[in-house]
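Here is a short report on a protein model, written for reading beside the coordinates. It covers aromatic rings, nonpolar cores and strand pairing.

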Amino acid sequence: MWYVLSLVLLVSKQGTLSAAPAQHDKIPHERVTGGDEAVPHSWPWQIALQYTYSNAGAWGNACGGTLIAPRWVMTAAHCVDYEDGAFYRVALGEHNLDVNDGTEYYRHAVNIIIHKGWIRNNFANGNDIALIQLLEPVIINQYVQTANLPSPGRILPDNFPCYITGWGLTESAGYPSPVLLQALLPIVGHKKCATREYWDYYAGEKMVCAGGDGYLAGCQGDSGGPLNCNVDGTWQVFGVASFAASICNTYHKPTVFTEVSSFIDWINQTIEEYGGPN
């Protein structure tokens, strides 16, 4: 069986990836498996995607995401593809979700745009990407910054070192971490990842695989968060966390991300259609 990486998705008994129309608060949280605590605010484009319901009185953590412009966040489609009445906001400048760091602030979502090629429950089809337009632009400072994205079509070679970041579990049946974690996940080339030994047909052309050493992995709760890769001295976000194995740190089952370089044109066109980045 496989698990997608958000809090709101389940797996079918047949072993295919599937989503359940359940409320966010009924699914356990999970985090980067085997990761270490990140230096506070060392990934200033990382956001926490949070949700609430009418009269709920509190916000819960749903997924991760990446700040890509003053009013725009990139996340996974399956994180927001629910018609359950949830309201969303993003937490910026966060490190420890359980305390007031003095650096965090919030922006509410005004529009959520899911890629038209996304098919609910069909992760092998890909296109697991969405954009969130914020009601107000963010305040850029040393704790909150926009991410660099790769050039269209850019592919990284096998074993290129990248980092996943998130607030999920350190093990598949564990508890959520209050602090942001990071884990080194080298790229697994598409040709290898699409073999039967790895992810077979689940690894589509517009996906990027990373990890699979049996120790470090993304896990539930890390969905939508970035795969950060240092290219020519600049950190760029090459992936949006999508799914992993049911036991997240399974050998030869790398974490699978939506490949950002395949969606640059869609990102730019969507932002322009909704009034620009600011």
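W199 is buried, because its relative accessibility is 1% and the cut-off for buried is under 20%. The model is a predicted one. Y202 also counts as buried, at 9% relative accessibility.

The structure holds twelve aromatic pairs. Two of them are set out below.

| Pair | Centre to centre | Angle between planes | Type |
|---|---|---|---|
| W199 and Y202 | 6.1 Å | 85 degrees | edge-to-face |
| Y201 and Y202 | 4.7 Å | 25 degrees | stacked |

Why is the pair of Y201 and Y202 stacked? Their planes stand at 25 degrees, and planes under 30 degrees apart count as stacked. The planes of W199 and Y202 stand at 85 degrees, and that pair is edge-to-face. Y202 therefore takes part in an edge-to-face pair with W199 and in a stacked pair with Y201.

Charges also sit over rings. The charged end of K253 is placed over the ring of W199, 5.8 Å from its centre. R89 lies over the face of Y106, and the distance to the ring centre is 3.9 Å.

Next, the nonpolar cores. In soluble globular proteins, nonpolar side chains tend to be buried together. Here the largest nonpolar core has 58 residues. Which of them touch the most other members? They are L49, M74, L92, L131, W199 and I267.

Beyond its neighbours within four places in sequence, I267 is in contact with I68, M74, I129, L131, L149 and V260. A second, separate core has 18 residues, among them L185, V208, L227 and F257.

Last, the strands. Strand β6 (residues 87-92) pairs with strand β7 (residues 105-114) in the antiparallel sense, over four bridges. L92 has Y105 in β7 as its bridge partner. On to the next pairing: β7 and strand β8 (residues 130-134) run antiparallel and are joined by five bridges. In this pairing, A130 of β8 stands opposite I114.

Note on methods: Residues numbered from 1 in each chain as written. Predicted model: local features only at pLDDT ≥ 70, side-chain atom pairs only at ≥ 80, totals over all residues. Heavy atoms only, no water. Pairing = 2+ DSSP bridges. Helix = DSSP H or I, 4+ residues; strand = E, 2+ residues; numbered from the N terminus. Core = buried A, V, L, I, M, F, W, Y, C linked by side-chain atoms within 4.5 Å. Buried < 20%, exposed > 50% of the residue type's maximum accessible area, 1.4 Å probe, protein only. Contact = heavy atoms within 4.5 Å. Phe/Tyr/Trp six-rings, centres within 6.5 Å; stacked < 30°, edge-to-face > 60°. Lys NZ or Arg CZ within 6 Å of the ring centre and 35° of its normal.
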